[in-house]
Amino acid sequence: MGANFEGARRPSVAFVTLGCAKNEADTARMRSRLAEAGFALADDPGLADAVVVNTCSFIQSATEESIEAVFDAAGLPNVEAGAPLVVAGCMPARYGDDLADELVEARAFLPCSREDDIAVVMADALGVSLPLPDVREGREPLGGAAEGREGGARAALPYAYVKISDGCDRFCSYCTIPFIRGRYRSFTLEQVRSEVSSHVEAGVREIVLIAQDTGRWGEDFEEPSSLAELVSTLAEEFPDTWLRVMYLQPEGVTEAYLDVVAEHANVCPYFDIPLQHVDAGILRAMNRTGSRAEFERLVERILSRVPDATLRTTLIVGFPGETEELFEELCDFVEEGLFDYVGVFPYSREEGTRAARLDGQVDEDEKAERAQRLRDVADAASAPRIAARIGREMDVIVEGAEEDGQIYGRAMCQAPEVDGVTYLPSGEPGEVVRVRIGDTLLYEMEGE
Ligand code: SF4
């Protein structure tokens with residue numbers, strides 16, 4: 001069925017984005033492709049000519065949330081009246097053709113590997129021909145700024161996520177990502193640089209480099225390169241922009257990378273290193289490397305080169321074979337207080353993964369209880385580290401104001417969306433203000 005878009009009116013497309021920052025970066029890329037092809041971009045899915053739900057399917061609960069979002073979008077009056085609904089991202093990648101029978105509300109499916117074809121798929125779904133008439137005013141800057149998470153509404157945030165690669169070759173035994181996203185593929189320096197440049201031109205002050213495994217960037221090129229080279233190139237080319245690297249696996253913390261962080265004032269001294277566990281046996285069953293002693297040495301190595309480093313990690317509790325004793329060891333490690341921020345996730349038994357077939361599966365209630373216990377331990381261990389920032393001076397990028405007018409921003413030690421914010425007496429969004437930390441309340445800071 002073709003819609004009638006008369007005259008200069010361009011069909012508009014709105015997105016609903018679920019899942020992690022990597023999905024947000026994919027949404028930003030799809031929006032750019034649509035804008036390049038002449039589509040208009042709408043913020044409100046209820047008022048758009050077409051709606052894309054960019055799904056997450058990493059674990060079962062994320063799949064359920066995505067399905068609910070698809071049903072919600074299908075129930076919008078404009079969609080019920082015929083606006084096409086496109087389901088993109090991880091869910092079509094994971095479930096393939098089976099989805100078409102389950103989600104009859106969707107007009108088309110677009111797995112991660114085909115997201116760059118969004119304009120063709122959208123033109124087909126709307127019954128319009130490409131190229132659309134060239135209407136330049138109101139175009140999005142390429143790449144787009146970070147997208148507000150709630151309800152997919154766009155907000156003019158001073159940071160943007162830039163994906164430096166896709167896929168993963170690690171095959172951690174519990175993880176579906178290598179099956180959903182495919183093998184590791186670094187994006188070229190030119191691609192990354194041009195995306196960063198378009199964000200900087202649009203006024204973005206902080207670039208968050210993301211991937212499933214950022215530390216391996218460049219290893220797959222004919223002439224191999226490295227994350228250290230990428231970050232130092234970007235740091236020198238964009239000296240007024242903060243650069244932050246997320247999802248750095250322990251093996252990715254090379255001496256060369258530590259040097260780059262230590263030597264560039266605009267590279268956040270921030271290390272987000274997923275450890276997942278500290279028991280060597282559990283790590284082997286996860287198809288990962290390391291041990292508690294190795295991770296302790298890793299932290300020492302980072303701090304000896306970057307003494308003001310902020311450290312974040314993620315841990316999985318209730319992995320098959322995790323006895324109460326092994327869980328206690330994990331708690332004991334967190335109690336050491338080596339990390340400023342600790343993300344805790346109960347193990348999710350995912351169909352098709354090796355870990356799902358392992359003996360020693362832990363009861364769901366027990367997993368939830370362990371996750372809460374470890375979160376409490378992490379809060380108690382982190383609070384003094386955050387409080388130790390009182391009295392220090394820091395630059396803060398102003399992000400916006402809360403409903404009650406309270407202005408807030410983030411310092412280099414706070415990654416977007418996960419680490420809390422710094423409350424500020426004044427400031428304009430996008431401005432960098434110098435403050436003294438006057439107080440902290442668990443993860444939040446107050447700047448004077
Ligand atoms: S590193 Fe492991 S957990 Fe992360 S995406 Fe790759 S396989 Fe999954």
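Ligand shell. I listed the residues with a heavy atom within 4 Å of the ligand: Cys168, Arg170, Phe171, Cys172, Tyr174, Cys175, Ile177, Pro178, Gln212, Gln249 and Arg288. By class I get seven nonpolar, two polar and two charged residues. I counted Ala, Val, Leu, Ile, Met, Phe, Trp, Tyr, Cys and Pro as nonpolar, Asp, Glu, Lys and Arg as charged, and the others, Gly among them, as polar.

Basis. The model is predicted, so I note that local features need pLDDT of at least 70 and side-chain atom pairs pLDDT 80 or more, while totals for chains, interfaces and linings use all residues. Residues are numbered from 1 along each chain as its sequence is written, and side-chain values use heavy atoms, with hydrogens and water left out.

Helix pair. I looked up H12 (residues 292–305) and H13 (residues 324–335), which pack at about 15° with axes 12 Å apart. H12 is therefore roughly parallel to H13 (angles under 35 degrees). Helices here are DSSP runs of H or I with at least four residues, strands runs of E with at least two. Heavy atoms within 4.5 Å count as contact; Arg292, Phe295 and Glu296 of H12 meet Glu329, Asp332 and Phe333 of H13. This contact has two nonpolar, no polar and four charged residues.

Aromatic pairs. With ring centres within 6.5 Å as the rule, I find eight pairs. Tyrosine 257 and phenylalanine 271 have ring centres 6.2 Å apart and planes at 85°, so I logged the pair as edge-to-face (planes over 60 degrees apart). Tyrosine 257 is in helix H10 (residues 255–263) and phenylalanine 271 in strand S11 (residues 270–272), 14 residues apart.

Technical notes:
Axes fitted to C-alpha atoms, helices over the stretch in contact; angles between N-to-C directions. Parallel < 35°, antiparallel > 145°, perpendicular 65-115°, else oblique. Phe/Tyr/Trp six-rings, centres within 6.5 Å; stacked < 30°, edge-to-face > 60°.
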